[in-house]
Amino acid sequence: MPNPFDLNLPSLDRFSTLVQGIPNSGKTYLGGDMLKTESQYGPVKFINVKGEDGWASAAGRNLGKIGVTVESEADVQQVAADMVREKVHAAFLDGSRPMYGFIMLGLLQADKPGVVRLPDAKLDGDRSKSYWAQARFRLEENIKLLKTSCKIFIASTVSAQDVHEITGNKQVAPDIYGKAGSGLVGLFDFAGYMTFSLRGPGRVQREVAFQTRSDVQTRQRLAVPITENIVLPDGPGGWALIKAAFAKGLRKE
């Protein structure tokens, strides 16, 4: 049944964000900061993908037993159902690339039990193309399932240099095999790129970019676009700054 909506009433009641960056750029810490900040509005959930296992970066925030590890599509579906039942307000998915990995292995092993590799045209013939397409589709469907099971959803992924499948330009993009990285960005309302720079002994400055760039795949669904990097504090409070920038961008021109 079609659902009407009002374009004059934009809000941040429900949205999704993808955060990409090289290792140690602060993605998981930001995820923990988001969960701590949003926990005042309702239950929160930390979803670790087996193989990522970097939750220590989000520890120390007194969030308690909110973590769960997934290692199959069945696990993802169960977590999504649990979040709906528990009325989870916000969730953080740590590890988009390993999720793609277990989805791909599941497809391969359904035909060839025990196989641990990527599709190979020499070994799989025309079936190899089908594996790539199915894995991308199923990754996107699992992400959609999670993001519609709560009000605020953030996912993290590592970055790599990529060639855009449409423009042919070199860009920093989510580091996921095949062309799934580009498709991943399009699933989210916002997609930011986290970077860091050393400012002296023990001092690190982290920033996140949501503005349109030719060298990085980003995204923002805002009436008034963000045009500058958001500088994050050395400690908690980064999510509050990001959310405030989103809210500012929703204002009427």
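Guide: Of the 253 residues of the chain, 45% count as buried, where buried means under 20% relative accessible area with a 1.4 Å probe and protein chains only, exposed means over 50%, and partly exposed lies in between. A word on provenance: this is a predicted model, in which local features need pLDDT of at least 70, side-chain atom pairs count only at pLDDT 80 or more, and totals for chains, interfaces and linings use all residues. Residues are numbered from 1 along each chain as its sequence is written, and side-chain values use heavy atoms, with hydrogens and water left out.

Now to the rings. Rings of Phe, Tyr and Trp (its six-membered ring) pair if their centres lie within 6.5 Å; planes under 30 degrees apart count as stacked, over 60 as edge-to-face and the rest as tilted. That rule gives 9 aromatic pairs. One of them joins F210 and F246 edge-to-face, with 5.1 Å from centre to centre and 80° between the planes. This pair links distant parts of the chain, 36 residues apart: F210 sits in the loop between strand 8 (203-209) and strand 9 (219-220), while F246 belongs to helix 7 (residues 238-249). Helices here are DSSP runs of H or I with at least four residues, strands are runs of E with at least two, and both are numbered from the N terminus. Both F210 and F246 are buried. F246 also pairs edge-to-face with W239, at 6.5 Å centre to centre and 85° between the planes, and W239 is buried too. Stepping back, ring pairs link F15, F190, F210, W239 and F246 into a cluster.
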